[in-house]
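This briefing concerns helix packing and charged side-chain pairs. Please consult the sequence and structure shown below.

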Amino acid sequence: SMSEQERAFQARIDDGIRIEPKDWMPEAYRKTLIRQISQHAHSEIVGQLPEGNWVTRAPTLKRKSILLAKIQDEAGHGLYLYSAAETLGVSRDELLQALHSGKAKYSSIFNYPTLSWADMGAIGWLVDGSAIINQIPLCRCSYGPYARAMIRVCKEESFHARQGYDIMLALCNGTPEQKAMAQDALNRWWWPSLMMFGPSDAHSVNSAQSSQWRIKLFSNDELRQRMVDQTVPQAEFLGLTIPDPDLKWNEERGHYDFGEIDWQEFHDVLKGNGPCNRERLRTRVKAWDDGAWFREALVAHADKAAAKTQE
Ligand code: 3HC
């Protein structure tokens, strides 16, 4: 049963009052926020890697500048999110240690390979599109620093989604080979994008508590349905076919029905056995190790500056 303090905390949340870092909070609230915000931060950081693969092969200077800007935005999102997590009393070093040791989760989606330029389009359109659907409600979540960080992140995500759709549109208006490339990318990214929203509501262990605390305003399945409803007309406009024979408008529900997700694949990726899990982790750890000299130089410089002011 709830203590007096917990009851007062829940009442503030129910009244729509934001929780701030110095406010009292239940340890479990702190823990679940650290879990979600750090997973989110890691996703932004690891999410740079699939696209990094195409920077040197972008088809035009303009496309290359856009892609670079987008990848830099993701680094920025990761940094805001680590800062938001730090307000809960965890250090960035601890969080990175958990990522590098393979202990921390990050979004399943970034464990798939980017095989063609069309994948840059599909990622922007589907992956960033899904990220926005998931993150717009987070702008209104109960924890102040997380909610505020999400405002700018969502604005930037909307630019990312548009640039992705623009790539798809250019390919679909191009040669038959280009259109086939776009279709192939949609075929490969569709199902993994639906998996981004997490397990079905029936299997989502954290949902009930996170909803009560207003960390989650909509369920995994509600947001996944929103993504399907929003994306099907966009695919039709491109003249592409969504790779789901069970996809069908349901007049009664006012939503699209869609096929069953391959949950075995989802669990395999979460366990570290997706197509690129090992490669992604190896690349991150190497980047961290290669940057050691720079972190050491920064500390040495700060020490020197501190010694000087003491003289
Ligand atoms: N990939 C990896 N792990 C996932 C996952 C996915 N797609 N979906 C769920 N999980 C994990 C959960 O983290 C949880 O694991 P844990 O208990 O060990 O932490 C477990 O599966 C059970 O799922 P639940 O539904 O119970 O978990 P949540 O209540 O946390 O809901 C979520 C999952 C909807 C992803 C929620 O955490 C969330 O909204 N997170 C914030 C958004 C986010 O992290 N997005 C990352 C991808 S988008 C992105 O990075 C932007 C791009 O521009 C780079």
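How many salt bridges does the structure hold? The structure holds 16 salt bridges, each being a side-chain nitrogen of Lys or Arg within 4 Å of a carboxyl oxygen of Asp or Glu. The model is predicted, so local features need pLDDT of at least 70 and side-chain atom pairs count only at pLDDT 80 or more, whereas totals for chains, interfaces and linings use all residues. Residues are numbered from 1 along each chain as its sequence is written, and side-chain values use heavy atoms, with hydrogens and water left out.

**Salt bridges**

- Side chains of opposite charge can pair when their charged atoms come close.
- Arg92 and Glu86 are joined through their side chains by a salt bridge of 3.3 Å, N to O.
- Arg92 has a relative accessible area of 25% and is partly exposed; the classes are buried under 20%, exposed over 50% and partly exposed in between, with a 1.4 Å probe and protein chains only.
- A salt bridge of 3.1 Å, N to O, links the side chains of Asp184 and Arg188.
- Asp184 and Arg188 are separated by about one helical turn, because they lie four residues apart in helix 8 (residues 176–195); helices are DSSP runs of H or I with at least four residues, numbered from the N terminus.
- Asp184 is partly exposed at 36% relative accessibility, and Arg188 is partly exposed at 24%.
- In the salt bridge of Glu279 with Arg280, the closest N and O atoms are 3.9 Å apart.
- Glu279 is partly exposed, with 41% relative accessibility, whereas Arg280 is buried, with 6%.

**Packing of helix 12 and helix 13**

- Two packed helices are described by the angle between their axes and the distance between the axes.
- Helix 12 (residues 277–290) packs with helix 13 (residues 292–310) at an angle of about 40°, and their axes are 4 Å apart; axes are lines fitted to C-alpha atoms over the stretch in contact, and angles run from 0 to 180 degrees between N-to-C directions.
- Helix 12 is therefore oblique to helix 13, a class left after angles under 35 degrees (roughly parallel), over 145 (roughly antiparallel) and 65 to 115 (roughly perpendicular).
- Trp288, Asp289 and Asp290 of helix 12 are in contact with Ala292, Trp293 and Arg295 of helix 13, contact meaning heavy atoms within 4.5 Å.

Technical notes
Helix = DSSP H or I, 4+ residues; strand = E, 2+ residues; numbered from the N terminus.
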